[in-house]
Amino acid sequence: MATAALHTVFGIFGNITALFLFLAPIITFVRIYKSKSTEKFSGIPYVMTLLNCLLSAWYGLPFVSSNNMLVSTINGTGAAIEVVYVVFFLFYAPRKEKAKIFGLFMLVLTVFAAIALVSLFALHGNKRKLFCGVAATVFSITMYASPLSIMRLVIKTKSVEYMPFFLSLFVFLCGTSWFIFGLLGHDIFVFLPNGFGCGLGTAQLILYFIYRNYKGEPKNKVHNYAGSMETTGETEKDADRDPAKHQPDLMNKQADEKV
């Protein structure tokens, strides 16, 4: 009885943290809207999160697995939110990035449709649960792993500019809550991928606290130095052209001629 109650509590907490996780990128998209550019932000995490949400929502349905409706409700909501993000990202992305993300988006929809149709018409009972569970687990891990490219950028640039704190925080909280939910429900297809997400969220937070105060070298240092050199050169040239500079020499020459 207590285990069932805890299972429900962590499921509700998982819904809350997952909702915040899905809404966390709003800060990023406000920045994209203001700058009218996706800058160095990657659209891959949003597309992979969409696939994870679709598959997890499908897996949580009663005809696929039991006692997982809380998984379906939040992932169905998340899928709708991620579609909005992907469309918004495509609108402001440069042409090359837009083609890549759109192609990945169509691939995601194709993969989900194929998995849903196969599980619905070709598989039944435990085989359906196993098939959908494995698919959801694989792509959940892929979703959690998609920010690895951003983590690599953080290490390379020693800057957390493109790894928002709240996104990393809610990856950790969401992964942890669903990991415990899966353990209490004895569902390997829930606790396995979310255990990975918990670990990755921890790694992101560690990176954030290591590099959060790193200032780096000023970007315009070299340009400012070059500009000062050019200014100095121009000043010297202007001085050479200044008649006042040569006036003493001219007066000396005239005095010599008179003598």
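This section describes a pocket, the salt bridges, a loop and the cysteines of a predicted model.

The second largest pocket of the model has a volume of about 260 Å³. Its lining is made up of 14 residues. Lys-40, Ser-42, Ser-149, Ile-150 and Leu-153 are the lining residues that lie nearest the centre of this pocket. Two helices, α5 (95–121) and α7 (148–157), each contribute at least two residues to the lining. The largest share is that of α7, with five residues. By residue class, the lining of the second largest pocket consists of six charged, five nonpolar and three polar residues.

Two salt bridges are present in the structure. In general terms, side chains of opposite charge can pair when their charged atoms come close. One of the salt bridges joins Arg-31 to Glu-39, with 2.7 Å between the closest N and O atoms. Arg-31 is partly exposed, its relative accessible area being 28%. Glu-39 is likewise partly exposed, at a relative accessible area of 32%.

A salt bridge is also formed between Lys-100 and Glu-97, where the closest N and O atoms are 3.4 Å apart. Both residues belong to helix α5, and because they are three residues apart, about one helical turn separates them. Lys-100 is partly exposed, with a relative accessibility of 46%. Glu-97, by contrast, has a relative accessible area of 18% and is therefore buried, the cut-off for this class being under 20%. Helix α5, which holds this pair, is also a contributor to the lining of the second largest pocket.

The loop between α2 (26–35) and α3 (44–59) includes Lys-36, and Glu-39 is found in this loop as well. Each of these residues has a positive phi although neither is glycine: the angle is near 55 degrees in Lys-36 and near 50 degrees in Glu-39. Lys-36 is partly exposed, at 48% relative accessibility. For Glu-39, the partner of Arg-31 in a salt bridge, the relative accessibility is 32%.

A polar atom of the Lys-36 side chain lies 3.0 Å from the backbone oxygen of Tyr-33. Lys-36 and Tyr-92 are separated by 56 residues in sequence, yet the distance between their C-alpha atoms is 6.1 Å.

In general, a disulfide is a covalent bond between the sulfur atoms of two cysteines. With the criterion of two cysteine sulfur atoms within 2.5 Å, the number of disulfides in the model is zero. Two cysteines can be described by their accessibility. Cys-132 has a relative accessibility of 2%, so this residue counts as buried. Cys-198 is buried too, with a relative accessible area of 18%.

Definitions and conventions:
Residues numbered from 1 in each chain as written. Predicted model: local features only at pLDDT ≥ 70, side-chain atom pairs only at ≥ 80, totals over all residues. Heavy atoms only, no water. 1 Å grid on protein atoms, 1.4 Å probe; cavity = no way out; pocket = protein on both sides within 12 Å on 5 of 7 lines; lining within 4 Å. Points joined across faces, edges and corners; volume = space filled by probe spheres on them. Helix = DSSP H or I, 4+ residues; strand = E, 2+ residues; numbered from the N terminus. Nonpolar A, V, L, I, M, F, W, Y, C, P; charged D, E, K, R; others polar. Salt bridge = Lys/Arg side-chain N within 4 Å of Asp/Glu carboxyl O. Buried < 20%, exposed > 50% of the residue type's maximum accessible area, 1.4 Å probe, protein only. Polar contact = N/O pair within 3.5 Å; in protein donor to acceptor, adjacent residues only side chain to side chain.
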